[in-house]
Amino acid sequence: MLSRGRFAFTRLGGASAHGWRRMSSGPSGTSAVVERRLNDFHGWRRTAAALGVGMASAFYYEQYHQAYSDQAVAASVTTTAEVAPSVSTTGDSGVVQPYSPISARGLEISKELRKTVKTKDDLEIVLYQYQPCPFCNKVRAFLDYHKIPYKAVEVDPLRKAELKWSDYKKVPVVVVNGNQLNESTEIIATLETVLSEEFNEEMFTEEEKKWLFWLDDYFVHLLPPNIYRTATESMQTFDYLTTEGNFSWLVRETSRYSGAVIMYLVAKKLQKKYNIGDPREDLYGAVTSWTETVNEKGTNFLGGSEPNVADLAVFGVLRSLLNFDTFNDLMANTELRPWYERMEIAVGEPSRLKD
(Lines give C-alpha, C1' and ligand atoms only; values in the text may rest on other atoms or scores of the structure.)
Protein backbone atom coordinates (compact mmCIF):
# COMPACT_ATOMS: atom_id res chain seq x y z
CA MET A 1 0.00 0.00 0.00
CA LEU A 2 2.80 2.36 0.81
CA SER A 3 4.58 1.78 -2.49
CA ARG A 4 1.40 2.43 -4.48
CA GLY A 5 0.69 5.56 -2.48
CA ARG A 6 4.20 6.84 -2.97
CA PHE A 7 3.93 6.18 -6.72
CA ALA A 8 0.66 8.12 -6.92
CA PHE A 9 2.07 11.05 -4.92
CA THR A 10 5.16 11.15 -7.13
CA ARG A 11 3.13 11.16 -10.36
CA LEU A 12 0.74 13.83 -9.16
CA GLY A 13 3.53 15.96 -7.75
CA GLY A 14 5.57 15.63 -10.94
CA ALA A 15 2.59 16.52 -13.12
CA SER A 16 1.83 19.57 -11.00
CA ALA A 17 5.42 20.77 -11.10
CA HIS A 18 5.47 20.30 -14.89
CA GLY A 19 2.30 22.38 -15.20
CA TRP A 20 3.83 25.21 -13.16
CA ARG A 21 6.90 25.30 -15.37
CA ARG A 22 4.72 25.57 -18.49
CA MET A 23 2.60 28.26 -16.90
CA SER A 24 5.54 30.37 -15.71
CA SER A 25 7.24 30.17 -19.11
CA GLY A 26 4.09 31.04 -21.07
CA PRO A 27 3.06 34.55 -22.11
CA SER A 28 0.46 34.83 -19.34
CA GLY A 29 2.63 33.39 -16.59
CA THR A 30 3.52 35.72 -13.74
CA SER A 31 5.42 35.26 -10.52
CA ALA A 32 2.25 35.98 -8.52
CA VAL A 33 0.37 33.18 -10.27
CA VAL A 34 3.28 30.80 -9.82
CA GLU A 35 3.51 31.67 -6.14
CA ARG A 36 -0.22 31.06 -5.70
CA ARG A 37 0.04 27.70 -7.43
CA LEU A 38 3.04 26.77 -5.27
CA ASN A 39 1.05 27.62 -2.15
CA ASP A 40 -1.78 25.44 -3.45
CA PHE A 41 0.68 22.62 -4.00
CA HIS A 42 2.11 22.86 -0.48
CA GLY A 43 -1.43 22.86 0.85
CA TRP A 44 -2.07 19.70 -1.14
CA ARG A 45 1.05 18.12 0.34
CA ARG A 46 -0.14 18.88 3.86
CA THR A 47 -3.54 17.42 3.04
CA ALA A 48 -1.89 14.30 1.62
CA ALA A 49 0.20 13.97 4.75
CA ALA A 50 -2.89 14.32 6.92
CA LEU A 51 -4.65 11.62 4.92
CA GLY A 52 -1.56 9.49 5.35
CA VAL A 53 -1.85 9.91 9.09
CA GLY A 54 -5.34 8.46 9.07
CA MET A 55 -4.38 5.46 6.97
CA ALA A 56 -1.08 4.83 8.71
CA SER A 57 -2.54 5.27 12.18
CA ALA A 58 -5.03 2.49 11.64
CA PHE A 59 -2.42 0.19 10.09
CA TYR A 60 0.52 0.92 12.34
CA TYR A 61 -1.11 1.62 15.70
CA GLU A 62 -0.21 -1.69 17.30
CA GLN A 63 3.31 -1.56 15.90
CA TYR A 64 3.90 1.97 17.14
CA HIS A 65 2.27 1.29 20.49
CA GLN A 66 4.48 -1.73 21.06
CA ALA A 67 7.73 -0.23 19.82
CA TYR A 68 7.53 3.22 21.36
CA SER A 69 5.85 2.32 24.61
CA ASP A 70 8.45 -0.40 25.16
CA GLN A 71 11.20 2.12 24.54
CA ALA A 72 9.53 4.79 26.61
CA VAL A 73 8.86 2.70 29.69
CA ALA A 74 11.44 -0.08 29.45
CA ALA A 75 12.29 -0.96 33.01
CA SER A 76 15.22 -3.10 34.07
CA VAL A 77 12.99 -6.06 34.92
CA THR A 78 12.95 -8.75 32.25
CA THR A 79 12.83 -12.50 31.89
CA THR A 80 14.16 -12.66 28.33
CA ALA A 81 17.33 -14.73 28.17
CA GLU A 82 19.02 -12.58 25.54
CA VAL A 83 18.48 -9.34 27.46
CA ALA A 84 20.30 -8.26 30.59
CA PRO A 85 18.05 -8.87 33.61
CA SER A 86 18.73 -6.16 36.16
CA VAL A 87 16.19 -7.68 38.54
CA SER A 88 14.95 -11.19 38.04
CA THR A 89 13.10 -13.93 39.88
CA THR A 90 14.16 -17.50 40.40
CA GLY A 91 11.70 -20.31 39.68
CA ASP A 92 8.32 -20.20 41.40
CA SER A 93 9.72 -18.89 44.67
CA GLY A 94 9.74 -15.30 43.48
CA VAL A 95 13.06 -14.66 45.21
CA VAL A 96 14.51 -11.39 43.96
CA GLN A 97 18.16 -11.55 43.02
CA PRO A 98 20.63 -8.69 43.62
CA TYR A 99 20.67 -5.97 41.00
CA SER A 100 23.41 -6.28 38.40
CA PRO A 101 23.87 -4.00 35.36
CA ILE A 102 25.37 -6.86 33.34
CA SER A 103 23.97 -10.31 32.60
CA ALA A 104 25.79 -13.65 32.48
CA ARG A 105 25.67 -13.41 28.69
CA GLY A 106 27.25 -9.96 28.80
CA LEU A 107 30.04 -11.27 31.01
CA GLU A 108 30.74 -14.12 28.59
CA ILE A 109 30.92 -11.72 25.65
CA SER A 110 33.19 -9.46 27.67
CA LYS A 111 35.56 -12.33 28.45
CA GLU A 112 35.78 -13.26 24.78
CA LEU A 113 36.35 -9.68 23.64
CA ARG A 114 39.12 -9.15 26.18
CA LYS A 115 41.13 -11.88 24.46
CA THR A 116 41.51 -9.77 21.30
CA VAL A 117 40.68 -6.21 22.33
CA LYS A 118 43.76 -4.50 23.78
CA THR A 119 42.70 -0.89 23.23
CA LYS A 120 39.46 0.88 22.34
CA ASP A 121 40.72 1.17 18.76
CA ASP A 122 40.35 -2.61 18.47
CA LEU A 123 36.59 -2.26 18.91
CA GLU A 124 34.37 -2.22 15.82
CA ILE A 125 30.98 -0.91 16.92
CA VAL A 126 27.75 -0.35 15.01
CA LEU A 127 24.89 1.30 16.91
CA TYR A 128 21.33 0.85 15.63
CA GLN A 129 19.28 3.71 17.02
CA TYR A 130 16.57 6.34 16.95
CA GLN A 131 18.37 9.67 17.29
CA PRO A 132 16.22 11.10 20.13
CA CYS A 133 15.76 7.81 22.00
CA PRO A 134 16.93 8.28 25.64
CA PHE A 135 18.33 4.76 25.76
CA CYS A 136 20.33 5.32 22.59
CA ASN A 137 21.59 8.61 24.02
CA LYS A 138 22.81 6.73 27.10
CA VAL A 139 24.96 4.53 24.89
CA ARG A 140 26.24 7.44 22.79
CA ALA A 141 27.22 9.41 25.91
CA PHE A 142 29.32 6.45 27.08
CA LEU A 143 30.98 5.98 23.69
CA ASP A 144 31.62 9.72 23.24
CA TYR A 145 33.15 10.10 26.70
CA HIS A 146 35.52 7.18 26.17
CA LYS A 147 36.28 8.36 22.61
CA ILE A 148 35.30 5.00 21.18
CA PRO A 149 34.67 5.27 17.41
CA TYR A 150 31.34 3.88 16.27
CA LYS A 151 29.04 3.82 13.28
CA ALA A 152 25.39 4.77 13.76
CA VAL A 153 22.49 3.40 11.72
CA GLU A 154 19.18 5.25 11.96
CA VAL A 155 16.30 2.77 12.18
CA ASP A 156 13.03 3.45 10.36
CA PRO A 157 10.53 3.56 13.25
CA LEU A 158 7.74 2.15 11.08
CA ARG A 159 9.29 -0.72 9.17
CA LYS A 160 12.51 -1.35 11.13
CA ALA A 161 14.05 -2.63 7.90
CA GLU A 162 17.52 -1.88 9.27
CA LEU A 163 16.96 -4.55 11.97
CA LYS A 164 15.53 -7.23 9.72
CA TRP A 165 18.59 -9.38 10.47
CA SER A 166 17.81 -9.36 14.21
CA ASP A 167 15.08 -11.13 16.17
CA TYR A 168 15.31 -8.30 18.70
CA LYS A 169 13.55 -5.25 17.25
CA LYS A 170 13.97 -2.57 19.92
CA VAL A 171 16.70 0.04 20.00
CA PRO A 172 19.45 0.42 20.91
CA VAL A 173 21.13 -2.61 19.43
CA VAL A 174 24.91 -2.63 19.27
CA VAL A 175 27.12 -5.02 17.34
CA VAL A 176 30.60 -5.16 18.87
CA ASN A 177 33.17 -7.08 16.83
CA GLY A 178 30.38 -9.29 15.54
CA ASN A 179 28.65 -9.76 18.92
CA GLN A 180 25.12 -8.43 19.35
CA LEU A 181 24.26 -6.60 22.57
CA ASN A 182 20.75 -5.38 23.45
CA GLU A 183 19.48 -2.82 25.97
CA SER A 184 21.40 0.28 26.94
CA THR A 185 22.52 -0.65 30.46
CA GLU A 186 23.71 -4.05 29.31
CA ILE A 187 25.64 -2.46 26.43
CA ILE A 188 27.34 0.10 28.66
CA ALA A 189 28.16 -2.40 31.41
CA THR A 190 29.62 -4.92 28.96
CA LEU A 191 31.83 -2.31 27.26
CA GLU A 192 32.95 -0.95 30.64
CA THR A 193 34.01 -4.47 31.62
CA VAL A 194 35.87 -4.94 28.33
CA LEU A 195 37.81 -1.68 28.75
CA SER A 196 38.71 -2.13 32.42
CA GLU A 197 42.33 -2.98 33.23
CA GLU A 198 41.34 -6.11 35.11
CA PHE A 199 38.29 -8.29 34.59
CA ASN A 200 35.92 -7.85 37.52
CA GLU A 201 32.34 -9.07 37.62
CA GLU A 202 31.56 -6.67 40.48
CA MET A 203 33.26 -3.57 39.11
CA PHE A 204 30.34 -1.22 39.76
CA THR A 205 29.91 0.46 43.13
CA GLU A 206 26.66 0.17 45.06
CA GLU A 207 26.08 3.86 44.41
CA GLU A 208 26.42 3.37 40.66
CA LYS A 209 24.04 0.41 40.76
CA LYS A 210 21.51 2.40 42.77
CA TRP A 211 21.37 5.26 40.29
CA LEU A 212 21.42 3.02 37.22
CA PHE A 213 18.45 1.15 38.62
CA TRP A 214 16.71 4.44 39.53
CA LEU A 215 17.22 5.69 35.97
CA ASP A 216 15.87 2.57 34.27
CA ASP A 217 13.15 1.68 36.74
CA TYR A 218 11.79 5.10 37.67
CA PHE A 219 13.13 8.12 35.81
CA VAL A 220 12.44 6.92 32.26
CA HIS A 221 8.76 6.45 33.15
CA LEU A 222 8.52 10.21 33.61
CA LEU A 223 9.70 11.04 30.09
CA PRO A 224 6.75 10.07 27.85
CA PRO A 225 4.13 12.15 29.73
CA ASN A 226 6.52 15.11 29.49
CA ILE A 227 7.85 14.97 25.94
CA TYR A 228 4.42 14.00 24.52
CA ARG A 229 2.51 16.29 26.90
CA THR A 230 0.96 18.44 24.16
CA ALA A 231 0.49 18.06 20.42
CA THR A 232 3.27 20.58 19.78
CA GLU A 233 5.72 18.82 22.08
CA SER A 234 4.82 15.46 20.58
CA MET A 235 5.67 16.76 17.10
CA GLN A 236 9.05 17.98 18.37
CA THR A 237 10.09 14.42 19.16
CA PHE A 238 9.68 13.35 15.53
CA ASP A 239 11.30 16.36 13.85
CA TYR A 240 14.60 14.46 13.76
CA LEU A 241 13.21 12.40 10.87
CA THR A 242 13.64 15.42 8.61
CA THR A 243 17.43 15.30 9.01
CA GLU A 244 18.35 11.78 10.14
CA GLY A 245 18.36 8.63 8.05
CA ASN A 246 17.74 8.08 4.35
CA PHE A 247 13.97 7.93 4.45
CA SER A 248 11.61 8.85 1.62
CA TRP A 249 9.30 11.84 1.94
CA LEU A 250 6.29 9.58 2.48
CA VAL A 251 7.98 7.58 5.22
CA ARG A 252 9.21 10.75 6.94
CA GLU A 253 5.83 12.50 6.92
CA THR A 254 3.82 9.41 7.81
CA SER A 255 6.19 8.62 10.69
CA ARG A 256 6.20 12.20 11.95
CA TYR A 257 2.47 12.80 11.97
CA SER A 258 1.15 9.37 12.88
CA GLY A 259 3.94 8.84 15.42
CA ALA A 260 3.22 12.16 17.12
CA VAL A 261 -0.52 11.50 17.32
CA ILE A 262 -0.17 7.96 18.57
CA MET A 263 2.51 8.73 21.14
CA TYR A 264 0.48 11.62 22.50
CA LEU A 265 -2.28 9.09 23.23
CA VAL A 266 0.11 6.43 24.52
CA ALA A 267 1.73 8.92 26.91
CA LYS A 268 -1.64 9.63 28.52
CA LYS A 269 -2.08 5.92 29.20
CA LEU A 270 1.42 5.66 30.64
CA GLN A 271 0.82 8.63 32.91
CA LYS A 272 -2.17 6.85 34.39
CA LYS A 273 -0.41 3.49 34.55
CA TYR A 274 2.50 4.83 36.59
CA ASN A 275 0.39 7.15 38.76
CA ILE A 276 2.15 10.28 37.55
CA GLY A 277 0.36 13.39 38.77
CA ASP A 278 1.77 16.56 37.24
CA PRO A 279 4.37 15.30 34.72
CA ARG A 280 6.55 18.42 34.94
CA GLU A 281 6.53 18.63 38.74
CA ASP A 282 7.37 14.94 39.09
CA LEU A 283 10.21 15.34 36.60
CA TYR A 284 11.55 18.40 38.45
CA GLY A 285 11.46 16.43 41.69
CA ALA A 286 13.38 13.49 40.20
CA VAL A 287 16.07 15.74 38.70
CA THR A 288 16.37 17.61 42.01
CA SER A 289 17.01 14.29 43.80
CA TRP A 290 19.90 13.68 41.42
CA THR A 291 21.45 17.15 41.61
CA GLU A 292 21.16 17.30 45.41
CA THR A 293 22.99 13.97 45.70
CA VAL A 294 25.83 15.25 43.51
CA ASN A 295 25.98 18.58 45.35
CA GLU A 296 26.09 16.89 48.76
CA LYS A 297 29.24 15.04 47.70
CA GLY A 298 30.94 18.37 47.09
CA THR A 299 32.44 17.14 43.81
CA ASN A 300 31.87 17.96 40.16
CA PHE A 301 30.29 14.60 39.44
CA LEU A 302 28.74 11.67 41.27
CA GLY A 303 31.95 9.83 40.41
CA GLY A 304 34.11 12.53 42.00
CA SER A 305 36.52 14.50 39.86
CA GLU A 306 35.54 12.44 36.81
CA PRO A 307 32.14 11.11 35.69
CA ASN A 308 31.30 7.53 36.55
CA VAL A 309 28.94 5.25 34.62
CA ALA A 310 25.91 6.65 36.47
CA ASP A 311 26.86 10.23 35.53
CA LEU A 312 27.16 9.19 31.88
CA ALA A 313 23.85 7.32 31.88
CA VAL A 314 21.87 10.15 33.49
CA PHE A 315 23.52 12.71 31.21
CA GLY A 316 22.72 10.64 28.12
CA VAL A 317 19.03 10.38 29.00
CA LEU A 318 18.79 14.11 29.74
CA ARG A 319 20.65 14.98 26.55
CA SER A 320 17.91 13.22 24.58
CA LEU A 321 15.61 16.08 25.66
CA LEU A 322 17.93 18.80 24.37
CA ASN A 323 15.73 20.21 21.58
CA PHE A 324 12.43 19.87 23.43
CA ASP A 325 10.42 22.23 25.60
CA THR A 326 10.93 19.74 28.44
CA PHE A 327 14.66 20.47 28.48
CA ASN A 328 14.19 24.24 28.59
CA ASP A 329 11.73 23.89 31.46
CA LEU A 330 14.16 21.67 33.38
CA MET A 331 16.92 24.24 33.03
CA ALA A 332 14.61 27.03 34.18
CA ASN A 333 13.05 25.23 37.15
CA THR A 334 15.81 23.06 38.64
CA GLU A 335 19.49 23.32 39.56
CA LEU A 336 20.49 20.99 36.73
CA ARG A 337 22.51 23.42 34.63
CA PRO A 338 25.90 23.45 36.47
CA TRP A 339 26.26 19.66 36.54
CA TYR A 340 24.89 19.30 33.00
CA GLU A 341 27.34 21.85 31.58
CA ARG A 342 30.26 20.15 33.33
CA MET A 343 29.13 16.88 31.77
CA GLU A 344 28.95 18.46 28.31
CA ILE A 345 32.59 19.50 28.64
CA ALA A 346 33.66 16.12 30.03
CA VAL A 347 31.89 14.07 27.33
CA GLY A 348 33.14 16.32 24.54
CA GLU A 349 32.52 15.93 20.84
CA PRO A 350 30.81 12.85 19.38
CA SER A 351 33.14 10.00 18.43
CA ARG A 352 30.68 8.81 15.78
CA LEU A 353 32.32 7.97 12.48
CA LYS A 354 31.13 9.87 9.44
CA ASP A 355 29.02 7.90 6.98
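# Buried faces and paired strands in a predicted model

Author: Lysine 138 has its place in helix H4. The model is a predicted one.

Reader: Why is lysine 138 counted as buried?

Author: Buried means under 20% relative accessible area. Lysine 138 has 1% relative accessibility, so lysine 138 counts as buried. Beyond its neighbours within four places in sequence, lysine 138 is in contact with residues including Ser184, Ile188, Leu215, Asp216, Ala313 and Val317.

Reader: What makes the pair of lysine 138 and threonine 185 a polar contact?

Author: The cut-off for N or O atoms is within 3.5 Å. The side chains of lysine 138 and threonine 185 are joined at 2.9 Å, therefore the pair meets that distance.

Reader: Which strands does helix H4 touch on the sheet?

Author: First, the sheet: 4 strands form an open sheet with mixed pairing, in the order S4-S3-S5-S6. What makes S4 and S6 edge strands is that each pairs on one side only. On average, neighbouring strands are turned by 20 degrees against each other, direction ignored. Helix H4 (residues 134–145) packs on this sheet and touches S3 and S5, and its direction makes about 155 degrees with that of S3. Helix H5 (residues 184–195) also packs on the sheet, touching S3, S5 and S6; the direction of H5 makes about 130 degrees with that of S6.

Reader: How do you know that S3 and S5 pair?

Author: Two strands pair if there are at least two bridges between them. S3 (residues 125–129) and S5 (residues 173–176) have 4 bridges, in the antiparallel sense, so they count as paired. Valine 126 stands opposite valine 175 in S5. S5 and S6 are also joined over 4 bridges in the antiparallel sense, and valine 176 stands opposite asparagine 179 in S6. The hairpin of S5 and S6 has 2 residues between the strands, and asparagine 177 takes a positive phi near 50 degrees there.

Reader: What makes you say that both faces of S5 are covered?

Author: Val173 and Val175 are buried on one side, and Val174 and Val176 are buried on the other. In a regular strand the side chains alternate between the two faces of the sheet.

Reader: Why are the buried residues of H3 said to line one face of the helix?

Author: The buried residues of H3 (residues 104–116) are Gly106, Leu107, Ile109, Ser110 and Leu113. Down the axis of H3 they fall within an arc of 160 degrees, so they line one face. These residues pack against S5, S6 and H5. The face turned away from the buried side carries Ala104 and Lys115, both exposed.

Reader: Which residues have the most contacts inside the largest nonpolar core?

Author: That core has 69 residues, and those with the most contacts inside it are Ile125, Phe219, Trp290, Leu318 and Trp339. Helix H11 (residues 309–319) gives the largest share, 8 residues. Among the contacts of isoleucine 125, beyond four places in sequence, are Leu143, Ile148, Val174, Val176 and Leu191. Another core, of 12 residues, lies apart from the largest one and includes Tyr128, Tyr130, Val155 and Val173. In soluble globular proteins, nonpolar side chains tend to be buried together.

Definitions and conventions
Residues are numbered from 1 along each chain as its sequence is written. This is a predicted model: local features need pLDDT of at least 70, side-chain atom pairs count only at pLDDT 80 or more; totals for chains, interfaces and linings use all residues. Side-chain values use heavy atoms; hydrogens and water are left out. A nonpolar core is a set of buried Ala, Val, Leu, Ile, Met, Phe, Trp, Tyr and Cys residues joined through side-chain atoms within 4.5 Å. Buried means under 20% relative accessible area, exposed over 50%, partly exposed in between (1.4 Å probe, protein chains only). Contact means heavy atoms within 4.5 Å. Axes are lines fitted to C-alpha atoms, for helices over the stretch in contact, and angles run from 0 to 180 degrees between N-to-C directions. The arc is that of the directions from the helix axis to the C-beta atoms. A polar contact is a pair of N or O atoms within 3.5 Å; within protein, one must be able to donate a hydrogen and the other to accept it, and residues adjacent in sequence count only if both atoms are side-chain atoms.
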